[in-house]
Amino acid sequence: MARGSAVAWAALGPLLWGCALGLQGGMLYPQESPSRECKELDGLWSFRADFSDNRRRGFEEQWYRRPLWESGPTVDMPVPSSFNDISQDWRLRHFVGWVWYEREVILPERWTQDLRTRVVLRIGSAHSYAIVSSHPRYPKGYFVQNTYFDFFNYAGLQRSVLLYTTPTTYIDDITVTTSVEQDSGLVNYQISVKGSNLFKLEVRLLDAENKVVANGTGTQGQLKVPGVSLWWPYLMHERPAYLYSLEIRGKGFDWPLLVKDFNLLRWLGANAFRTSHYPYAEEVMQMCDRYGIVVIDECPGVGLALPQFFNNVSLHHHMQVMEEVVRRDKNHPAVVMWSVANEPASHLESAGYYLKMVIAHTKSLDPSRPVTFVSNSNYAADKGAPYVDVICLNSYYSWYHDYGHLELIQLQLATQFENWYKKYQKPIIQSEYGAETIAGFHQDPPLMFTEEYQKSLLEQYHLGLDQKRRKYVVGELIWNFADFMTEQSPTRVLGNKKGIFTRQRQPKSAAFLLRERYWKIANETRYPHSVAKSQCLENSLFT
Ligand code: GCB
């Protein structure tokens, strides 16, 4: 297995089994400190997909016992990345089954010899398990992956992998909640220490310039920051606070694209997004804290489309997933609300009970934030809405029905809002609306798929939103920030084209329309919170 005592060897397969058992303990983002060292394992790894009929040859032959190249051919695979689009091999693009990743690592001698050092392997994201269906109409043993969502199921080690150390007595988790008392910020903290009961804890709160602004001791307490300057979303005025934005990319992670996307968000004047339809990389969340972008943090509860999905096994798993999401993201000031699902079949009775339980569980995990799920059901039929704090609605007027009839949007939108509000009297967010648009297609008067149609559709929605937004509509999130890949289907032309940017991040005409709108809303009321003030530093709740 290992060549020499200082060489460690890692394969993904067995690690995935570990992940499946559920993550225990805290999920603090690894930070270097005098007592913690980090070693990034990003770069080129060896890789093999197990193409055997039952996809289990790797386990049967124990590929993990020796260097991977000894049991068969390997290819280079970058980490982080999805493996699907890296090679020219069609089979890999659609691969369902186990894949094996390997990387040799030289560990500092001290890491393996110092008994007071604990070494942790951290995989940012290993994606994913699959639903596999066999089809009697097809050749024997033939199977494909069926998904019930509208994005390509990219897979692999899509986020960074690293090793880090802690002392054997170590801080496993920190929970921070905040409040304000006159001009003071109150920071309540709770620290979980593992490994021993013999320790002394000193707590220091640093501001954006790394100056100590409050001190404490012990595993829990309250820190007071007089004259506090609060975290504030980018360009948001206070009355009424309003979220306007779009959905960005989140499955994989690479810095150039991430920084580009945040520059585009700032250019647009957008102040929020939802992590549709799974939690984004931790680095994305840190950027949101830093740039003042509000996040509706959504778990991977997507594709809950069939009655049989609302069973106790799923419910239990869904609750566990919410525990993981909350544990990971609870300390980000940018997170404003949890979303437990996207478009579940919430008209079903069984879905009503299921959503009630998941929402109640999420609230018990974090009583400080509102909880929602995103609905595309009818107001009269939805069984989950009674349990949410904010109603989030997806609707595609003049797109998935009444094709081309932009003149109907305002009436249909007003009816939608009024019906929901009358029934529930809760704040509403229009969490999706948009039109498929192929960059460079033009037609006037507008026809579907052209840039003019996307613009006109958004304009009609905006007229409808403006009627309600100073009342109970508290946000509008267009679908979508950028074009993205989906499974092949007769309704998708090389993926979903509802982006206002192309996949290469170039603007379609609608991007300019949105830019004008977002900046106009931001400037409607001049409030003391300036753009500059919104740029809080990561992990600091107050600047
Ligand atoms: C939706 C889904 C989203 C799709 C979008 C569309 O309602 O939530 O995942 O991509 O519609 O474009 O159809």
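## Basis of the model

Residues are numbered from 1 along each chain as its sequence is written, and side-chain values use heavy atoms, with hydrogens and water left out. Because the model is predicted, local features need pLDDT of at least 70 and side-chain atom pairs count only at pLDDT 80 or more, whereas totals for chains, interfaces and linings use all residues.

## The ligand site

The ligand is surrounded by 13 residues, and the closest are Asp 150, Glu 343, Tyr 400, Glu 432 and Lys 498.

In the side chain of Asp 150, an N or O atom is 2.5 Å from an oxygen atom of the ligand. For Asn 342, a polar side-chain atom lies 2.9 Å from a ligand oxygen, and for Trp 479 the distance from a side-chain N or O atom to an oxygen of the ligand is 3.1 Å. The protein buries 91% of the 320 Å² that the ligand exposes when taken alone; these areas come from the Shrake-Rupley method with a 1.4 Å probe.

## Cysteines

The whole structure contains 0 disulfides, a disulfide being a pair of cysteine sulfur atoms within 2.5 Å. Cys 299 is buried, at a relative accessible area of 1%, and Cys 392 is buried at 2%. Buried means under 20% relative accessible area, exposed over 50%, and partly exposed in between, with a 1.4 Å probe and protein chains only.

## Paired strands

Strands are DSSP runs of E with at least two residues, helices are runs of H or I with at least four, and both are numbered from the N terminus. Two strands pair if DSSP finds at least two bridges between them. Strand β12 (residues 170–181) runs antiparallel to strand β13 (residues 184–194), and 11 bridges join them. The two form a hairpin with 2 residues between them, and Gln 182 in the turn has a positive phi of about 50 degrees.

Strand β13 also pairs in the antiparallel sense with strand β16 (residues 220–225), over 6 bridges. Gly 185 of β13 is the bridge partner of Val 180, and Gly 185 also stands opposite Val 225 in β16.

## Buried polar residues

Ser 52, in the loop between β3 (43–49) and α2 (57–60), is buried at 6% relative accessible area. A polar atom of the Ser 52 side chain lies 3.4 Å from the backbone nitrogen of Arg 56. Ser 52 and Trp 98 are 46 residues apart in sequence, with their C-alpha atoms 9.8 Å apart in space.

Asn 394 belongs to strand β22 (residues 391–394) and is buried, with a relative accessible area of 7%. The Asn 394 side chain makes polar contacts with the side chains of Ser 431, at 2.8 Å, and Glu 432, at 3.1 Å. Glu 102, in strand β5 (residues 99–106), counts as buried at 6% relative accessibility. A polar atom of the Glu 102 side chain lies 2.5 Å from the backbone nitrogen of Leu 68.

Methods: Near = heavy atom within 4 Å. Polar contact = N/O pair within 3.5 Å; in protein donor to acceptor, adjacent residues only side chain to side chain.
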